[in-house]
Amino acid sequence: MQLPSNPTAGRKRSVSRRHQPSAASTVSSQLDRPYIFAFLALLVIYMMVTLLTYEKLSRKQDDHTETTEGQEQQLEGVAQAQQVGNGNNSSNQRRGKQDSGSSSSSSSSLASASIINTKTADYLQHHSFPLHVTAADSEWINHPGLEWVSNPSHIPNNLPRKVFVPKFWSDVYASYYNQTKSVREFLGNGKRVMTPQEAALIGSYSSVSQDGSDGDGGGMLETIYCSVASYRDYECTPTVQDIYERAKYPERIRVAVIDQSISGTDEPCLTPPKPCAEDPEQVLCKYRHLMDYYHLDAQLAVGPVFARHLAHRLYRGEYYAMQVDSHVRFTEHWDVNIIQQWKSAKNEYAVLTTYLSDINGRIAPRTHAGLSPSRPIMCNSDFEGSGDMRHLRHGQQPEGAAGIHGQPTLEPFWAAGFSFARGHFVIQVPYDQYLPMVFQGEEISIGLRGFTYGYDYYAPEEGVCFHIYAAMDKSHRRNKVPMFWENTNVYTGAGMAAMKRLNSIIGMARVNYPESQWPQQDKEQYGLGSVRTTDKFFNTFGIHIKEQKIEQHLCRFVGKPMMKVFLPALRSDRMGIDYSQINFEYVDEDAKRQQEQQQQQAKQ
């Protein structure tokens, strides 16, 4: 793993030596000899202190270099964030790659070295793809699942209490945006709507140019960050392969895999069919310099929220950010298609998101074209669970061809299985680090937080990828894929504390839980924005928190009726929908009529 070069490393401070007049000619005529000796003694002491200080600074620089090298070894040996499967990839060798286990390609290392000399966001955008995580921009954190277990005796003695993880890109590169802490400050930290100028400075470009056939007039490619979180899933490798194989411009895409698996038992994700030395033109070898791989021992896996939190930490300033499951297949030229769909919303705050349809009969075997215009739309949700574990869960969604053409369709809810947005979405609304053993509940957490930051959710007009839930020829095998729940015995109690945190932060808690019962760290970073209120969301979409009930049949409104009411409130500068201009509150008309009839009957 190559670290960004530091132009100040080893640089010696120049000590200018000015000509000093003779002490005998200048001082002895005015002072007695004892004062002369005292002056000379002070001069000698000053020179010694100066030399010692320089030596100390030099030693500190050397220590820093040694420490960085040591951290890099920890990253590779402990967190295993290094890339795998490079072998003797001749394609990578041609790029000057020296370490087959490094998570940085030579091109990214050169980019990292050059951008240090010009710390501006504009320069970062055009000279920093691909960036990869290094030891220097990583840190140790406490494992979130081990702090709130109810029975510590169930924790294996060899289970690490800390994990070595990447720092957020927004923290590492804050100085490029004239900020001291995070790029989030530059974007307003959710306290206000971003300006178009601020949003435009987020997102890198690939040096590969478009051919102009897509209606964009050619030019540099906007990059795509795609995160894939996998738990012991044999479909992870073919999913990543398909991402690159089906893209029109694979050079614009950087994939980060969070591989939660058992070393020696599960085949690592990104393992090519053949060694790269034998066939360097394999997709997983040819584009290996555009991939990041983070391995987490399966025993440390505590559900999709923490896995995807790690994935958000691997984001490195790409223009778009996409999230998919680890068992997905794509249509031909999906990258061009989904970007065109996002742009057709004409909304900087647009997030295209949906549950993915099953792959059966959806993709043509030879051309890989999409065969069905049908796609789900996120409009169906209800409360489930009991007591402290009660939460809002999105259920089975209605599926059909889009009734609106030429643009995506507004919807109230966000889906974890597929999400495509500008890169600033994952900067402003990162997955919460402190929600171990949470499965149901992740979507309302991200969705509601994103809403309060000003983001709007849309169902794509057509699907660009499909889910392998239980494909006909692999249904028996698919059902045997392990789940993170096999670790439940180790982390008993952690999920309860996490759900209390989740519901408390988004304002959906059944009661006000004492702070001693759930994690209190970083509530602002993983909390709500101020662009919109949660009450506005609940009232608009018929969600009654106190009664823990929702207005039914919301899907009847989502579609053309919702577009008619909401779209006129899209800001003229395309910076999201202004909900202060919307006075609509959804009410289930069937339930309303039934209630009125019951009231009339009671009067009679």
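Buried means under 20% relative accessible area, exposed over 50%, and partly exposed in between, with a 1.4 Å probe and protein chains only. Helices (H or I, at least four residues) and strands (E, at least two) are DSSP runs, numbered from the N terminus. The model is predicted: local features need pLDDT of at least 70, side-chain atom pairs count only at pLDDT 80 or more, and totals for chains, interfaces and linings use all residues. Residues are numbered from 1 along each chain as its sequence is written, and side-chain values use heavy atoms, with hydrogens and water left out.

**Exercise 1. Strand β17**

Task: Determine which way the residues of strand β17 (residues 456-459) point, and whether they are buried or exposed.

Solution. 
Step 1. In a regular strand the side chains alternate between the two faces of the sheet.
Step 2. In β17, D456 and Y458 point one way, while Y457 and A459 point the other way.
Step 3. These four residues are all buried.
Step 4. For the pairing, two strands pair if DSSP finds at least two bridges between them. β17 pairs with strand β10 (residues 350-353) in the parallel sense over 3 bridges, and A350 stands opposite D456.
Step 5. With β15, the pairing of β17 is antiparallel over 3 bridges; here E411 is opposite Y457.

**Exercise 2. The surroundings of A298**

Task: Locate A298 in the chain and list its contacts beyond four places in sequence.

Solution. 
Step 1. A298 is in the loop between β7 (291-297) and α11 (304-313).
Step 2. A298 counts as buried because its relative accessibility is 3%.
Step 3. Leaving aside neighbours within four places in sequence, A298 is in contact with Y231, R232, Q260, S261, I262 and N487.
Step 4. For Y231, 67 residues apart from A298 along the chain, the C-alpha separation is 7.4 Å.

**Exercise 3. The nonpolar core**

Task: Identify the residues with the most contacts inside the largest nonpolar core.

Solution. 
Step 1. A nonpolar core is a set of buried Ala, Val, Leu, Ile, Met, Phe, Trp, Tyr and Cys residues joined through side-chain atoms within 4.5 Å.
Step 2. The largest such core has 142 residues, and W169, W334, F420 and Y491 have the most contacts inside it.
Step 3. Strand β5 gives the most to this core, namely 6 residues.
Step 4. Not counting residues up to four places away in sequence, W334 touches I224, D242, I243, R246, A247, I253, M322 and V464.

**Exercise 4. Salt bridges**

Task: For the salt bridges K191 to E524, K343 to E222 and D266 to R232, describe the position and exposure of each partner.

Solution. 
Step 1. A salt bridge is a side-chain nitrogen of Lys or Arg within 4 Å of a carboxyl oxygen of Asp or Glu; the whole structure holds 23.
Step 2. K191 and E524 meet at 3.3 Å, N to O. K191 lies in the loop between α7 (183-186) and α8 (196-200) and E524 in the loop between α16 (494-505) and α17 (534-540), so the pair ties together parts 333 residues apart in sequence. Both K191 and E524 are exposed.
Step 3. K343 and E222 meet at 3.4 Å, N to O. K343 is in helix α12 (residues 334-344) and E222 in strand β4 (residues 219-222), 121 residues apart. At 32% relative accessibility K343 counts as partly exposed, whereas E222, at 12%, counts as buried.
Step 4. D266 and R232 meet at 2.8 Å, N to O. D266 is in the loop between β6 and α10 (283-286) and R232 in the loop between β5 and α9, 34 residues apart; both are buried.
Step 5. Salt bridges with shared partners also join D242, E245, R246 and E332 into one network.

Key:
Contact = heavy atoms within 4.5 Å.
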